[in-house]
Amino acid sequence: MSTALLQLEGVSRAFDDGDDGEAAIEALADVTLEVDAGEFVCVIGPSGSGKSTLLHILGCLDQPTSGAYRVAGEDVTALGADDLARRRRETFGFVFQNYNLLESATARDNVEMPATYTGEPRRQRRRRAAEILRAIGLGDRVDHRPAELSGGEQQRVTIGRALMNGAQVILADEPTGAVDTAQRDKILGLLERLADRGHAIIVVSHDAAVAARARRRIELADGRVVSDDGTGKASEGSVAGRVGQPGAMPWLAAVRGGWTWMRSHRLAAALTVASVAVGVWSVVALLGLAEGAHRDAAGILERMGANRLNVGGYEFSGQRFVLFPQTLADAHAIAEQVANVQSVVPVLNRRSAVNAGSQGIDDVMVRAVIHTEPRTTDNVLWPLEQGTFPTEGDNDSLAQVAVIGRPIRDRLIGTDANALGTTIFLDGTPFEVKGVLGPHPGREGEGVAFATTESGLVWQETVVFIPFRTGAEVLYGTDQLNFIQVFVDDVSRIDETAADVRDLMNRRHDREGYTLTNRAEQLAAHMELSNLHATILGALAGVSLLAGGLAVMGVTLAAVSQRTREIGIRMAVGARRRDITLQFLAETAVPTTLGGGAGTLLGLATTPFLVWLADAPVALAPWFVPVALACGIATGLVFGIVPARRASRLDPVAALATT
Ligand code: ADP
Ligand code: MG
């Protein structure tokens with residue numbers, strides 16, 4: 001059985017009238033014909049007789065409403081969009097009356113274009129494109145753009161483009177309609193030579209000269225074949241189509257295409273970059289504000305002592321409350337066994353009377369401490385004004401040495417006198433003054449409310465530090481702690497840590513009821529506030545990204561409608577839907593990624609000025625960079641996908657028909 005290259009059998013193509021679905025226009029009616037390799041056919045007939053429709057169906061740009069069509073034996077009437085695209089790519093080359101070249105691309109770029117959809121390596125396809133141009137007499141026009149070429153030259157570039165993927169069949173709709181006779185003869189000569197080499201050439205033309213030169217004439221009238229003067233075979237040979245890899249257009253090619261698009265559409269590209277940059281810029285600024293607020297809140301919390309737990313407990317025993325047992329050993333156990341613990345401070349405090357000479361104060365807070373530097377009750381370092389702090393040696397030898405607060409020094413020894421070495425008495429026990437505290441560090445910042453004692457002194461400063469063992473063994477005769485301070489690392493996990501400490505203490509002393517006080521409520525309130533901040537700021541950033549994204553989508557949608565014809569051309573040469581989607585996505589993703597990068601840099605560079613401008617706490621973190629870049633890229637993909645899909649869904653014939 002001999003199989004013709006192209007076989008139409010009873011093919012009809014009806015179009016809906018548009019207004020009412022009832023009346024349909026039969027553009028083709030019951031057409032049966034075969035075309036073989038090496039034929040040079042001219043399709044003639046009056047305007048509206050169905051010539052273009054026949055060509056579209058032959059080229060797999062359109063499908064019959066009934067009848068069968070086989071290409072090299074394969075029934076193509078059942079194929080989906082992508083398989084039709086493959087057929088076009090492998091078998092057909094199109095030549096249009098109005099050339100349909102890409103204006104911004106050179107002759108070589110135009111010829112090369114079909115091969116971008118077969119996965120052919122770039123260097124190879126560029127070399128072949130130049131060879132093809134040389135072979136059709138355009139060797140000196142390789143780098144010219146369409147506007148720099150004559151009509152006939154442009155039409156020969158289209159033929160070159162048709163040949164790029166092999167083109168077993170070249171379909172030409174009025175190829176000489178817009179060129180002068182000299183050019184027409186060149187084009188016909190070229191088509192003739194191609195037929196001689198085994199290409200099947202099918203030309204639609206009004207032109208009698210074209211019809212005369214063809215080797216077979218098919219005449220249409222009202223969609224029917226009214227005459228066919230038989231076969232017009234020039235040679236027995238046939239050419240092979242170039243079958244590309246199914247992998248097709250790689251990402252790199254799409255990205256390169258996006259870059260080329262940017263360079264040839266500078267204004268649209270600049271708008272896209274700018275709208276995304278502004279969006280991402282505001283994302284960085286708002287992240288900076290949110291992070292600043294968060295850290296500020298954390299700082300306030302720390303100063304408030306919200307990272308502190310007080311471990312203690314009382315029980316009612318025989319008419320009075322007595323302290324639960326808690327000793328230095330408990331403090332060590334907490335430090336060693338509980339997670340999220342930054343430091344543990346055992347507190348052994350007593351109110352005592354202090355005297356020196358004839359002067360005295362009734363209630364000073366005497367703190368027996370294990371640490372070797374003075375700290376406030378919030379564990380903040382408290383610099384000395386004079387002298388030194390008790391050492392570990394002092395602790396081990398039960399030395400009776402003390403560091404006193406300024407009000408005590410002022411009241412007992414005198415404002416100007418050198419207090420070091422003076423003897424003071426705590427509840428009658430002599431201690432030697434080893435140091436004098438400076439001003440309470442809380443005085444310089446906020447967050448500490450200063451209270452006064454009964455004797456009118458600042459309570460926080462009316463304090464005496466002595467070594468822990470001296471207090472426990474010499475002064476009080478007990479190592480029963482008032483409470484244990486536990487400072488945590490991660491304030492947000494303070495409740496967990498509190499539970500762990502409570503369990504440990506209950507276990508160690510075999511009872512229920514250790515209580516822990518913390519500032520969890522204040523903490524929660526602050527966290528809620530900073531979360532609210534973050535939510536509001538996040539929403540603002542989202543809004544500005546949305547605005548940027550919509551601008552991008554607008555630009556891209558406009559590009560799609562301007563470039564409908566280009567999309568048609570690309571589909572005609574065999575681009576699949578996903579190639580078109582990828583192309584438009586890349587065209588938005590490349591500039592939006594650049595915009596994301598620019599916005600990130602801008603944000604990082606300018607956000608610190610917000611401190612000065614808005615007097616707001618601002619902080620930058622390294623994780624802003626990937627987040628901001630991701631926002632830019634995501635904007636491109638999210639807002640590019642709608643126009644890209646819209647482009648890829650276009651009907652190739654309708655797309656080619658746009659002007
Ligand atoms: P020719 O190329 O011979 O001038 P066409 O193939 O373009 O003729 O058109 C044949 C007939 O089909 C005409 O009546 C035309 O109006 C109609 N037709 C072609 N394409 C469409 C379409 N997309 N929708 C409706 N009618 C169409
Ligand atoms: Mg036509």
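Tutor: Helix H1 (residues 51–58) gives the largest share of the shell around ligand 1, three residues. Helices here are DSSP runs of H or I with at least four residues, numbered from the N terminus. This is a predicted model, where local features need pLDDT of at least 70, side-chain atom pairs count only at pLDDT 80 or more, and totals for chains, interfaces and linings use all residues. Residues are numbered from 1 along each chain as its sequence is written, chains are lettered from A and ligands numbered from 1 in the order in which they are written, and side-chain values use heavy atoms, with hydrogens and water left out.

The residues around ligand 1 are Phe15, Ala27, Pro46, Ser47, Gly48, Ser49, Gly50, Lys51, Ser52 and Thr53. To count, a residue needs a heavy atom within 4 Å of the ligand. By class, the shell has three nonpolar, six polar and one charged. Ala, Val, Leu, Ile, Met, Phe, Trp, Tyr, Cys and Pro count as nonpolar; Asp, Glu, Lys and Arg as charged; the others, Gly among them, as polar.

Now the polar contacts, meaning pairs of N or O atoms within 3.5 Å. The side chain of Ser52 places an N or O atom 2.8 Å from an oxygen atom of ligand 1. For Gly50, a backbone N or O atom lies 3.0 Å from a ligand 1 oxygen. For Ser49, a polar backbone atom is 3.2 Å from an oxygen of ligand 1. Ligand 1 has 560 Å² of accessible area on its own, and the protein covers 60% of that. These areas come from the Shrake-Rupley method with a 1.4 Å probe.

Next, the helix packing. Helix H17 (residues 577–606) and helix H19 (residues 624–648) pack at about 155 degrees, their axes 7 Å apart. Axes are lines fitted to C-alpha atoms over the stretch in contact, and angles run from 0 to 180 degrees between N-to-C directions. So H17 is roughly antiparallel to H19 (over 145 degrees; under 35 is roughly parallel, 65 to 115 roughly perpendicular, the rest oblique). The contact of H17 with H19 holds 13 nonpolar, eleven polar and one charged residues.

Helix H16 (residues 564–572) also meets H17. Their axes come within 10 Å and cross at roughly 140 degrees. That makes H16 oblique to H17.

Technical notes:
Helices (H or I, at least four residues) and strands (E, at least two) are DSSP runs, numbered from the N terminus. A polar contact is a pair of N or O atoms within 3.5 Å; within protein, one must be able to donate a hydrogen and the other to accept it, and residues adjacent in sequence count only if both atoms are side-chain atoms.
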